[in-house]
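Here is a short briefing to read alongside the model. Have the viewer open and follow along, topic by topic.

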Amino acid sequence: MNNISKFTVIFFLFFVFILYGCNTPENTKKNTTVNNTSKKDKVQYYKNSTVGYKVPITSSWKLGEAPNTDIVLINKNGTFTPEPSVNIITVKENKFELWDKNTQKKLKEQIDKNLVTASEKEITLAGQHAYNIVYGLENKAVSKIVNQTYLFYNGYFMVITCSSRESEYNRFEEIFDDFIKKIEFTEAK
């Protein structure tokens, strides 16, 4: 199966998750743990030792569940349904260049052949080339803004997806950016 076909599967799973919520019973597919710290800190850490990253989870986030997803976090401070959320999906994959314009075009076409993005950025995350896009989706008269970051790390293709209702996105944009900056990348075990 070629890389783009694998992305079709990834994006199908992503859209099922985004469009229909995150209340399914299965969640973990890799070696993962959630470690508590002191109650004073009110921070837990989700650690994926297979891929090699950990995510701090503060008291404003609650864990959700979705199939084939490493982690789903739902922000408790959202005022609309569906609530603002972040999810991370990782798939073992051969690395390819995310700053290549043809690759970026193919990634966007997997979402929608006519996708118009609000923004696109080539960024560096964990010392690796990463690609970030922001775009809108609509389902059942609900408009959402999706902030998606693509990255390769330790032999895995990562898709970090942050989303909220369009009416709340301005309030959550900085929260999403801060969340991504706080992901700690470590060596896989």
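Contact here means heavy atoms within 4.5 Å. With that in hand, Val55 is in contact with Gln44, Tyr45, Tyr46, Leu73, Ile88, Phe179 and Ile183, leaving aside its neighbours within four places in sequence. This is a predicted model, in which local features need pLDDT of at least 70 and side-chain atom pairs count only at pLDDT 80 or more, while totals for chains, interfaces and linings use all residues. Residues are numbered from 1 along each chain as its sequence is written, and side-chain values use heavy atoms, with hydrogens and water left out.

**Confidence**
- The chain has a mean pLDDT (the predictor's confidence in each residue, from 0 to 100) of 83, and 77% of its residues reach 70 or more.
- Helix H1 (residues 3-20) has the lowest confidence, at a mean of 46, whereas strand S6 (residues 85-92) has the highest, at 97; helices (H or I, at least four residues) and strands (E, at least two) are DSSP runs, numbered from the N terminus.
- Over residues 11-29 pLDDT stays under 50, and for this stretch the model has 54 contacts beyond four places in sequence.

**Nonpolar cores**
- A nonpolar core is a set of buried Ala, Val, Leu, Ile, Met, Phe, Trp, Tyr and Cys residues joined through side-chain atoms within 4.5 Å; buried means under 20% relative accessible area, exposed over 50% and partly exposed in between (1.4 Å probe, protein chains only).
- In the largest such core, of 26 residues, Tyr53, Val55, Ile88 and Phe179 touch the most other members.
- Elements giving two or more residues to this core include strand S3 (53-58), strand S5 (71-75) and helix H3 (169-181).
- H3 gives the most to this core, with five residues.
- Apart from it lies another core, of 14 residues, among them Leu137, Val146, Phe157 and Val159.

**Aromatic rings**
- The whole structure holds 10 aromatic pairs, where rings of Phe, Tyr and Trp (its six-membered ring) pair if their centres lie within 6.5 Å, and planes under 30 degrees apart count as stacked, over 60 as edge-to-face and the rest as tilted.
- Phe96 and Phe157 make a tilted pair, 5.8 Å centre to centre with 35 degrees between the planes.
- This pair joins distant parts of the chain, 61 residues apart: Phe96 is in the loop between S6 and H2, and Phe157 in strand S10.
- Phe157 counts as buried because its relative accessibility is 0%.
- Ring pairs link Phe96, Tyr131, Tyr150, Phe152 and Phe157 into a cluster.

**A buried lysine**
- Lys108 is found in helix H2 (residues 101-111), and it counts as buried because its relative accessibility is 18%.
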